[in-house]
Amino acid sequence: MPIKFVTVIFPLALPKLYAYSVPEEMQSTIKIGVRVEVSLKNKLYSAIVAEIHEDLALEYKAKPIVAMLDKVPLVTEHQLTLWRWMADYYCCTVGEVMNVAMPSGLKLESETRVVYNGDFDEQVHELSDDEYLVAEAVSIQNELTILQIQEILNKKTIFPVLRSLLDKKVISIKEELIEKFKPKMASFMTLNEPYKSDINRLTEAFDLVTKSEKQTKILLAFVQLSRNKHFTLPVSDICQLSGTDSSVVQALVKKDIFTVSKQRLSRIFNNGISNDETEALQSLSDQQIIALDEIRVCLENNQPVLLHGITGSGKTRVYAELIQQNLAAGKQSLYLLPEIALTNHMVERLKTIFGADVLVYHSRMNNQERVEMWNATLMGAKIIIAARSGIFLPFIHLGLVIVDEEHDPSFKQNDPNPRYNARDAAIYMSHHAGADIVLGSATPSLESYANAVNKKYGLVHMADRHGESVLPKIKIVDLKDEHKDKRFKGIFSHELITAIEDALVNKSQVLLFQNRRGYAPTINCHVCGWKADCANCDVHLTVHKAFNELRCHYCGTRSKIPVQCPACGNHDLFEQGFGTEKIEEDIKSLFPTALIARLDMDTAKTKVAFENIIHDFEERRIDILVGTQMITKGLDFGNISLVGVLNADAILRYPDLRANERAFQLLTQVSGRAGRRAIQGQVIIQTYDPSHPVIIETMHHMYDRFFERESAERKAFVYPPYFRMIQIELLHKNAGTCAHAAGVYADMVRKLIGNRIIGPAVPSISRIRGQYIQTITIKMEKDSKVVSKIKQIILEEREKLRLIPACKSVRVNIDVDPY
């Protein structure tokens with residue numbers, strides 16, 4: 001039977017899928033996963049066909065599809081299954097998942113165009129000045145976009161003008177679907193016959209241009225680049241080498257020596273390394289061979305595998321071996337990293353091994369590149385290294401997923417919907433696609449390790465460092481004793497200063513870690529107690545001395561550092577605390593001859609800036625590198641002999657259920673940067689609480705003890721991974737409205753789920769970007785039926801809350817697994 005109806009997904013937060021009728025001419029060609037042009041609320045969209053139906057009972061009359069935009073599906077059925085699962089699991093709509101999943105270049109929306117209806121001379125006296133300007137402009141151009149009219153009137157609000165012109169029938173409105181993706185085109189020049197088939201006859205071509213020096217240079221450049229093998233080359237390359245321009249090329253075209261044509265270029269296959277230039281994999285160590293054998297056993301039992309390998313144990317070599325085996329089987333590999341920009345050396349290492357088979361996908365790519373990556377994946381791209389968004393790519397033969405640094409919080413999307421964890425989504429995706437999955441970390445998350453202990457995941461250990469490298473020696477400095485002995489110089493303990501001196505004498509490098517950027521967390525007045533606060537958020541403004549600014553790290557508000565107290569006029573303001581900028585300043589005064597740099601979001605805003613700092617450090621043009629947690633991710637350099645953690649207490653005292661876990665992971669990861677070759681490194685951790693269990697466990701590399709102690713606390717206080725958790729956030733610009741709505745919503749839900757609900761409560765930061773916040777936490781047993789029922793309840797009660805007039809403007813965000 002012919003397909004008469006389809007249900008489609010829009011990139012919008014719509015509560016359900018809409019149905020459309022299929023015109024007769026499309027019934028034999030329509031497929032699940034193709035884009036179709038459809039109308040919704042008088043606007044055109046490209047939507048994805050999710051289901052096809054021979055017949056469908058509807059309560060409304062289905063509009064017909066306007067056009068089919070693709071001949072082959074752009075979205076696979078595996079992807080659609082993942083989208084539906086994510087929408088259900090993370091309490092959002094499929095449209096919100098689609099909006100995040102697909103590159104914007106593939107999500108087409110119509111552009112409103114204003115069309116001239118004809119003569120308006122008879123109404124000219126009835127038109128206002130703005131109406132006359134628009135009418136005259138449209139009469140000349142025949143069509144104008146909304147943006148063009150805004151520019152003509154120099155106004156943002158133009159709809160009253162358009163409404164009046166519509167009423168007077170001077171103009172009409174039409175919608176047109178705009179194609180956002182544009183292929184990259186370039187001019188190529190091809191050598192014509194007879195020169196192409198008989199290279200010796202090129203002397204005849206040189207005879208034809210003997211009177212023109214520039215044309216001769218073009219011919220010489222072409223011969224040089226072609227090397228008698230490639231007879232079609234980019235015009236830009238030839239002009240650059242010859243020092244001429246395209247007009248000279250056109251002169252050679254007229255002499256019938258070359259033909260110039262436009263060709264489509266790839267934006268993503270230009271990584272600079274061909275498959276002929278790759279390096280062979282290094283031989284495996286005994287530990288790596290054992291690990292691979294154990295991984296294979298687990299994968300044969302269809303289990304996800306957790307690879308727990310200490311820092312420097314050679315996990316990357318194991319991953320490369322698995323990728324090579326998957327490549328030989330003709331399948332695609334997805335390698336997920338928390339942040340591509342911060343792990344560039346990993347990308348380069350894999351490119352060196354696998355060459356042009358490696359493609360990279362991340363948030364810093366432009367929309368055109370993302371579309372090309374999407375299409376390349378559909379065409380069977382072999383190895384893709386990606387940040388969390390890589391799980392949404394349309395794999396057709398996925399065989400292997402690797403989630404490196406699986407514990408990293410960057411895998412969790414906090415805003416907007418879906419608030420997903422890429423690690424968890426990757427496990428579902430690999431299971432549904434029949435692909436293998438390996439999670440790797442030196443400091444696994446409690447969730448993953450608990451699953452491994454409970455035999456849900458396979459567990460493989462790599463307990464020794466690779467080669468001659470050994471774990472660093474970790475020393476704890478008690479800052480209370482330093483204060484008593486009056487040896488503490490503001491930021492640096494006497495012991496740390498001595499260790500830095502020794503490292504510099506031995507020509508080795510130093511990392512200094514402080515997880516706070518800026519010069520100081522706040523600026524105070526000691527006379528009246530004034531502090532610089534953000535006008536939009538309930539936080540202090542951070543001092544950034546290099547820019548002479550106070551900045552909010554939440555909303556981006558900036559202001560100049562005041563020269564006097566705005567409250568009392570006192571000129572003696574002082575900075576409280578310290579960030580990476582102050583550390584850099586102080587360390588320069590202590591070691592004036594050392595080469596010092598800083599790595600944080602202020603100095604490494606762009607990928608190029610980040611890579612320049614890392615390259616200088618690798619080339620030993622930096623002796624001391626000060627940084628935030630950016631320096632804990634993926635630095636693998638052999639000359640780092642010392643790592644200093646300047647304030648471990650700030651990490652431990654963060655008000656969050658995962659504070660201890662994050663602290664252990666950060667301290668272990670940053671410690672792992674030291675001594676990654678033959679010479680043992682040293683780590684100095686400064687703290688006022690040397691007996692804190694996390695400090696002790698980090699010092700002695702005791703992950704098992706940390707896991708047991710933290711697990712006992714989580715069980716006692718009903719926290720994940722032994723219980724499930726959902727956090728609900730209510731936001732409104734009025735504090736009273738927000739509090740009222742939170743109270744009403746909590747009471748509604750509490751009646752249905754009992755004491756599983758906690759709150760509402762005001763969080764530690766009660767206002768961000770002008771929005772007041774109330775939080776409600778739900779803890780529940782790990783029973784899938786109970787969890788599904790509670791999700792259904794909180795969604796239904798949210799809809800009921802929106803019907804209450806006093807609460808309908810309050811935003812309610814639901815975050816499943818908010819950790």
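User: Which residues in α1 meet which residues in α14?
Analyst: Please note that this is a predicted model. In α1, the residues concerned are H78, T81, L82, W85 and M86. Their counterparts in α14 are D424, A425, Y428, M429, H432 and A433.
User: What is that contact like by class of residue?
Analyst: The contact of α1 with α14 has seven nonpolar residues, three polar ones and one charged one.
User: And at what angle do the axes of α1 and α14 cross?
Analyst: Roughly 140°. Helix α1 covers residues 77-89 and helix α14 covers residues 422-433, and their axes come within 10 Å. Because of that angle, α1 is oblique to α14. The crossing of the two helices is right-handed.
User: Changing topic: how many salt bridges does the structure hold?
Analyst: There are 38 salt bridges in the structure. In general, side chains of opposite charge can pair when their charged atoms come close.
User: What does the side chain of D538 meet in a salt bridge?
Analyst: The partner of D538 is R767, with 3.2 Å from N to O. D538 lies in the loop between β22 (522-525) and β23 (542-544), while R767 is in strand β33 (residues 767-768), so this pair ties together parts that are 229 residues apart in sequence.
User: Is R767 buried or exposed?
Analyst: R767 is buried, with a relative accessible area of 13%. D538, by contrast, is partly exposed, at 34%.
User: Which residue forms a salt bridge with R551?
Analyst: That residue is D602, and the closest N and O atoms of the pair are 3.8 Å apart. R551 belongs to strand β24 (residues 549-551), and D602 to the loop between β27 (596-599) and α19 (607-618). The pair therefore links distant parts of the chain, 51 residues apart. Both R551 and D602 are buried.
User: What about E710: which residue is its salt-bridge partner?
Analyst: E710 pairs with R714, and the closest N and O atoms are 3.4 Å apart. The two residues are four apart in helix α23 (residues 703-716), so about one helical turn separates them.
User: Why do E710 and R714 count as buried?
Analyst: E710 counts as buried because its relative accessibility is 3%, and R714 because its value is 2%. The cut-off for buried is under 20%.
User: Which residues do salt bridges with shared partners join into one network?
Analyst: The network consists of E447, R658, E661, E697, R705, R709, E710, E713 and R714.

Technical notes
Residues numbered from 1 in each chain as written. Predicted model: local features only at pLDDT ≥ 70, side-chain atom pairs only at ≥ 80, totals over all residues. Heavy atoms only, no water. Axes fitted to C-alpha atoms, helices over the stretch in contact; angles between N-to-C directions. Parallel < 35°, antiparallel > 145°, perpendicular 65-115°, else oblique. Left-handed = near helix turned anticlockwise from the far one by under 90°. Contact = heavy atoms within 4.5 Å. Nonpolar A, V, L, I, M, F, W, Y, C, P; charged D, E, K, R; others polar. Salt bridge = Lys/Arg side-chain N within 4 Å of Asp/Glu carboxyl O. Buried < 20%, exposed > 50% of the residue type's maximum accessible area, 1.4 Å probe, protein only.
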